[in-house]
Amino acid sequence: MNDDDYSATELGSHWFERPTPEATPDRVEGEVLRFGPGVTAAALRRAENSPTVVEIWHGTLPGVPAQRPARSRRPWRYAFAAVVLVAVLLFLAWRQYGPGVAVRDVAVSAPGARLGCDGTADVVGLVRTDGRPGTLTYRWERSDGTRSGVLTEKLARGQKEARLHLLWTFHGPGTHRAVARLVITSPGTHSSEATFTYDCD
């Protein structure tokens, strides 16, 4: 056969001799060549000149770094949305479980006119807050030396004012200058007072 008529597509099966069924996988006669990416030209010539047992090998030769798969950038598309979601959840948690109600101002008002015989004065304490939910703890103190026990007032979310009432009743003749004092003990300490006059001839 002329070399000019030779074609690589006409290779016969004799070029690739596989082990006989009797051969054990631990022992192979002949020269073992490993074909795969990066096979040198010298190794190919040796395979063409002598029959051999061929073991197809897929991998890379020593010293040739393996190509790393390209990293997908798809997760970064959702990074901004995830940050926004976390921020919203933190804000809602802070509103629900964060600091409670805070008192901004306390004012007490009493009847402007003189209180007549056996009258009852309605003293009103107005407490302004920041609108957060919580509980006010307070007491009333009177100028006659008496005071109430510890009282509480629950505030709902968005409720920025609380009106606290003290009903003070007088009996008998006489004139008395009365002072009612509201003391907020929690949250924080705040106080305010108002004065009115009881007059009964």
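I take buried to mean under 20% relative accessible area, exposed over 50%, and partly exposed in between, with a 1.4 Å probe and protein chains only. By that scale I record R132 as partly exposed, with a relative accessible area of 27%.

I note that this is a predicted model, in which local features need pLDDT of at least 70 and side-chain atom pairs count only at pLDDT 80 or more, while totals for chains, interfaces and linings use all residues. Residues are numbered from 1 along each chain as its sequence is written, and side-chain values use heavy atoms, with hydrogens and water left out.

Entry on salt bridges. I counted a salt bridge where a side-chain nitrogen of Lys or Arg lies within 4 Å of a carboxyl oxygen of Asp or Glu. The structure holds nine of them.

Entry on R132. I found R132 in a salt bridge with D130, with 3.4 Å between the closest N and O atoms. D130 is buried, at a relative accessible area of 17%.

Entry on E161. I looked up its partner and found R128, the closest N and O atoms being 3.8 Å apart. E161 lies in strand β7 (residues 161-169) and R128 in strand β4 (residues 120-129), so the pair ties together parts that are 33 residues apart in sequence. Strands here are DSSP runs (E, at least two residues), numbered from the N terminus. E161 is partly exposed at 38% relative accessibility, and R128 is partly exposed at 33%.

Entry on R142. I saw its side chain meet that of D144 in a salt bridge of 3.0 Å, N to O. R142 is partly exposed at 26% relative accessibility, and D144 is partly exposed at 39%. I also noted that R139, E141, R147, R181 and E193 are joined into one network by salt bridges that share partners.

Note on methods
Helices (H or I, at least four residues) and strands (E, at least two) are DSSP runs, numbered from the N terminus.
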